Amino acid sequence: MRRVIETTVGDRAPDAYRQETASAAVSALPAAEPACFSKRFSEEWVFRSTLWNSLRAWSAARRSKWLRVPQVLKLDARELRIDFEYLSGWDQVRAVIRDRTFKGLSGSELHRMFWTIGAALEELHRHTRRIHGDFDFDNVLVKPGADRAAFVDFTPPVYAHFREYNQADPYRDLATFLLGVCAKYPPHLIHLALRPRVRQLGRAFLEGYFRHARTAYDGRRLERAMARLLNETYLGESFAGRYLRRSRLFRIDDLAPGA
Ligand SMILES: Nc1ncnc2c1ncn2[C@@H]1O[C@H](COP(=O)(O)OP(=O)(O)OP(=O)(O)O)[C@@H](O)[C@H]1O
Ligand SMILES: [Mg+2]
């Protein structure tokens, strides 16, 4: 039996918004292959914005070596619904990074995975001249052995009160991802952030992004982008954001490509 996975995005408070994940819906379904990943919106501008961003990113992926983006299969403009190609067997980066053994992947497999995410992000930026805008580790999907990284969720994030949010500094995407990987751990898992491998994977990500131009990397710009995220978004209110801001979790001097 073919099933549809559905998630809804609306105009809600940030907490409620974040709690709304499709993963709950996924786990409630029997293990049949879903036909598509369906997303419903309660505001027309969010629906339109998601559609254009997704089409732009998909077209970029077709010209890319490292990037994969699910295809838009069907639209329902009356119901404000978009059906996406379902990416079967792909997992969120969160699942890998929050796992004690990194899902049992070897050092070189992990390095390749994070390098590829960086390379794919550079391709997205170069081909679309836009940023993702919500480049969180939940919106980056990986599959061991795959030669690409998949990006999903081109819906404007809650902080996006203006339509040009995705024309901001590309370092915003770099900073969002690195904060997730290096610092966004709940208190009971904070020891996982201290694993040396985490820093190596942060650096692999930047090496992938700056693979053609290592000298273009600007650490001060990355620091500024991180500070802005911590000041402007819920990340600063998180456990790590509030209590550990001066700790090594937020240092980036050891992340510079080639350091
Ligand atoms: N095309 C797809 N195929 C398979 N899984 C997907 C697809 N798109 C999204 N997902 C999974 O569902 C999750 C939620 O989807 P998405 O991020 O688009 O919605 P969301 O409502 O913004 O969720 P959240 O607010 O939690 O990020 C993603 O993090 C990803 O794990
Ligand atoms: Mg998401």
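The largest nonpolar core of this predicted model has 55 residues. Leu67, Ala120, Ala149, Phe151, Ala175 and Phe205 have the most contacts inside this core. Helix H5 gives the largest share, nine residues. Domain 1 (3–85) and domain 2 (91–250) both contribute residues, so the core lies between them.

**The core and the chain around it**

- Eight elements each supply at least two residues of the core: helix H3 (44–62), helix H4 (93–97), H5, E7, E8, helix H6 (171–182), helix H8 (196–209) and helix H9 (219–232).
- Ala120 touches Ser64, Trp66, Leu67, Arg148, Ala149 and Phe151, leaving out residues up to four places away in sequence.
- Three of those partners, Leu67, Ala149 and Phe151, are also among the residues with the most contacts inside the core.
- The chain as a whole has ten helices and eight strands.
- Of its 259 residues, 39% are buried.
- Take the contacts between residues at least 6 apart in sequence: 76% of them join residues at least 24 apart.

**The four-stranded sheet**

- Four strands form an open sheet, in the order E3-E8-E7-E6. The pairing is mixed.
- Strand E3 (67–68) and strand E6 (91–92) are the edges. Each has a single partner strand, so one side of each is left without a neighbour in the sheet.
- Strands E7 (residues 140–142) and E8 (residues 149–151) run antiparallel and are joined by two bridges.
- Val140 has Phe151 of E8 as its bridge partner.
- Helix H5 (residues 107–128) packs on this sheet and touches E3, E7 and E8. The directions of H5 and E8 make an angle of about 50 degrees.

**Helix H8**

- Ten of the 14 residues of H8 are buried, so the helix is largely enclosed by the rest of the structure.
- The buried residues are Arg199, Leu201, Gly202, Arg203, Ala204, Phe205, Leu206, Glu207, Gly208 and Tyr209.
- H5 and H6 are included in what covers them.

- Strand E4 (residues 72–76) pairs with strand E5 (residues 81–85). The pairing is antiparallel, over four bridges.
- Asp76 stands opposite Arg81 of E5.
- Four residues lie between the two strands of the hairpin. Leu80 has a positive phi there, near 55 degrees.

**Positive phi in two loops**

- Most residues other than glycine have a negative phi.
- Phe102 has a positive phi, near 50 degrees, and is not glycine. Its place is in the loop between H4 and H5.
- Phe102 has 20 C-beta neighbours inside 10 Å, so it counts as buried. The cut-off for a buried residue is 20 or more.
- Asp153 also has a positive phi, near 65 degrees, and is a residue other than glycine. The loop between E8 and H6 holds Asp153.
- Asp153 has 23 other C-beta atoms within 10 Å, so it is buried.

Notes
Residues are numbered from 1 along each chain as its sequence is written. Chains are lettered from A and ligands numbered from 1 in the order in which they are written. This is a predicted model: local features need pLDDT of at least 70, side-chain atom pairs count only at pLDDT 80 or more; totals for chains, interfaces and linings use all residues. Two strands pair if DSSP finds at least two bridges between them. Two residues are in contact if their C-beta atoms, placed from the backbone, lie within 7 Å. Axes are lines fitted to C-alpha atoms, for helices over the stretch in contact, and angles run from 0 to 180 degrees between N-to-C directions. A nonpolar core is a set of buried Ala, Val, Leu, Ile, Met, Phe, Trp, Tyr and Cys residues joined through C-beta atoms within 7 Å. A residue is buried if 20 or more other C-beta atoms lie within 10 Å of its own, exposed if 12 or fewer, and partly exposed in between; C-beta atoms are placed from the backbone. Domain bounds come from an automatic or database domain assignment.
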